[in-house]
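Here's a quick briefing on the charged side-chain pairs in this model. Have the sequence and structure open as you read.

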Amino acid sequence: MTKILSYKELIVWQKSYKLCTLIYKTTETFPKKEDFSLTSQMRRCSLSIPSNIAEGYNRNHQKEFIQFLQISYGSSSELETQILIASEVGYIDKENSKELLSLLTEVLKMLNAMMQKLKTAPSRI
């Protein structure tokens, strides 16, 4: 098995990075009145997901990595709620909402699987 040398090689990071860029593009169309509320919150949450994966990976301690993955998982759950709200109030159309939620579900499943695997695996350090 090939050792992963960078967090950028992690598929969960790649998918969460893509999700973040989609959120930024999606929120560009939100009403100006949302700039300091829903737009800002969704962008911060989406940015937190790949950022915490990267930071945790580079901490080089398995327990810390798990902790940062848990933070990413929490931010993902928070973002899910915000996507649902934005969709409900008409800021995101159904097709875009479905795409975002599908990608987010993949990220959540991958984060969960990674945390479970790391909790039972011998330390990588």
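**Salt bridges at a glance**

Arg 59 is partly exposed, with 34% relative accessible area; that label covers the range between buried (under 20%) and exposed (over 50%), using a 1.4 Å probe and protein chains only. This is a predicted model, so local features need pLDDT of at least 70 and side-chain atom pairs count only at pLDDT 80 or more, while totals for chains, interfaces and linings use all residues. Residues are numbered from 1 along each chain as its sequence is written, and side-chain values use heavy atoms, with hydrogens and water left out. There are four salt bridges in the structure, each being a side-chain nitrogen of Lys or Arg within 4 Å of a carboxyl oxygen of Asp or Glu.

- Arg 59 pairs up with Glu 55 in a salt bridge, at 2.6 Å from N to O.
- Glu 55 is partly exposed too, at 36% relative accessibility.
- Salt bridges tie Glu 55, Arg 59 and Glu 64 into a network.

- Lys 15 and Glu 106 make a salt bridge, with their closest N and O atoms 2.8 Å apart.
- This pair connects distant parts of the chain, 91 residues apart: Lys 15 sits in helix H1 (residues 11-27) and Glu 106 in helix H4 (residues 94-120). Helices here are DSSP runs (H or I, at least four residues), numbered from the N terminus.
- Lys 15 is partly exposed at 25%, and Glu 106 is partly exposed at 32%.

**The Lys 32 pair**

- Lys 32 bridges to Asp 35, the closest N and O atoms lying 2.9 Å apart.
- Lys 32 counts as exposed at 69% relative accessibility, whereas Asp 35 is partly exposed at 25%.

Key
Helices (H or I, at least four residues) and strands (E, at least two) are DSSP runs, numbered from the N terminus.
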